[in-house]
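Me: I would like to go through this model and ask, for each label put on it, what the label rests on. Please set the values against the cut-offs as you answer.

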Amino acid sequence: MKKITLPGLIDVHVHMREPGATHKEDWATGTAAALAGGFTTVLAMPNTAPPVTSVEAFQTAVQAAEEKARCDYGQYLGAGPDNIDDILPAAGQAAGLKMYLDFTYGELRLDTMPLWMP
């Protein structure tokens, strides 16, 4: 049998569910599972409870990751219909901006194209 060695993989779409649903997943359990599967970096989606749609929520999510993550990580910011000014200060620290254009809930859904532009 031939052995194949890969570099550490990156999962750009994970749901750590912290804060709000840590009974499903948190940074400790999610990153332990990632490492077990060969993933050395994960990027977390912003649809937590509350969602990561402000600098304060971003800092809360990143602090949880700093305390518990077992591998490298990044945190996405969530775009909302009216939060662009609220998230700009954290833009340089975020993995990216997640725009939910269809099936999602609450303040993360961007229903119309004019909301995408800012």
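Reply: Contact here means heavy atoms within 4.5 Å. The model is a predicted one, and in it aspartate 26 touches Met16, Glu18, Thr31 and Lys68, leaving aside residues up to four places away in sequence.

Me: Why is aspartate 26 called buried?

Reply: Buried means under 20% relative accessible area. Aspartate 26 has 14% relative accessibility, so aspartate 26 counts as buried. This residue, aspartate 26, is found in the loop between β1 and α1, and its C-alpha is 8.7 Å from that of alanine 65, although the two are 39 residues apart in sequence.

Me: What makes the meeting of lysine 68 and glutamate 18 a salt bridge?

Reply: The criterion is a side-chain nitrogen of Lys or Arg within 4 Å of a carboxyl oxygen of Asp or Glu. For the side chains of lysine 68 and glutamate 18 the N to O distance is 2.8 Å, so the pair meets the criterion. A search of the whole structure finds one salt bridge. Because lysine 68 lies in helix α2 (residues 55-68) and glutamate 18 in the loop between β1 and α1, the pair ties together parts that are 50 residues apart in sequence.

Me: How do you know whether lysine 68 and glutamate 18 are buried or partly exposed?

Reply: Buried means under 20% relative accessible area, exposed means over 50%, and partly exposed is in between. Glutamate 18, with a relative accessible area of 9%, is therefore buried, whereas lysine 68, with 30%, is partly exposed.

Me: What makes β1 and β3 edge strands?

Reply: The open sheet has three strands in the order β1-β2-β3, with parallel pairing, and β1 (9-14) and β3 (72-75) are its edge strands, since each pairs on one side only. The twist averages 15 degrees from one strand to the next. Helix α1 (residues 27-36) packs on the sheet, where it touches β2 and β3, and its direction makes about 140 degrees with that of β2.

Me: How do you know that β1 and strand β2 pair?

Reply: Two strands pair if at least two bridges are found between them. Four bridges join β1 to β2 (residues 39-44), so the two strands count as paired, and they run parallel. Within this pairing, valine 14 stands opposite alanine 44 in β2.

Me: Why is methionine 99 called partly exposed?

Reply: Methionine 99 has a relative accessible area of 31%, which falls between the 20% and 50% limits, so methionine 99 is partly exposed. Methionine 99 lies in the segment after β5 (97-98), and the nonpolar surface patch formed by Leu97, Met99, Leu101, Met113, Trp116 and Met117 has about 560 Å² of accessible area together.

Conventions:
Residues are numbered from 1 along each chain as its sequence is written. This is a predicted model: local features need pLDDT of at least 70, side-chain atom pairs count only at pLDDT 80 or more; totals for chains, interfaces and linings use all residues. Side-chain values use heavy atoms; hydrogens and water are left out. Axes are lines fitted to C-alpha atoms, for helices over the stretch in contact, and angles run from 0 to 180 degrees between N-to-C directions. Patches are made of residues with over 30% relative accessible area and no salt bridge: like charges are joined within 9 Å, nonpolar side chains (Val, Leu, Ile, Met, Phe, Trp, Tyr) within 5 Å. Accessible areas come from the Shrake-Rupley method with a 1.4 Å probe; for residues, only the protein chains shown count as cover. Buried means under 20% relative accessible area, exposed over 50%, partly exposed in between (1.4 Å probe, protein chains only).
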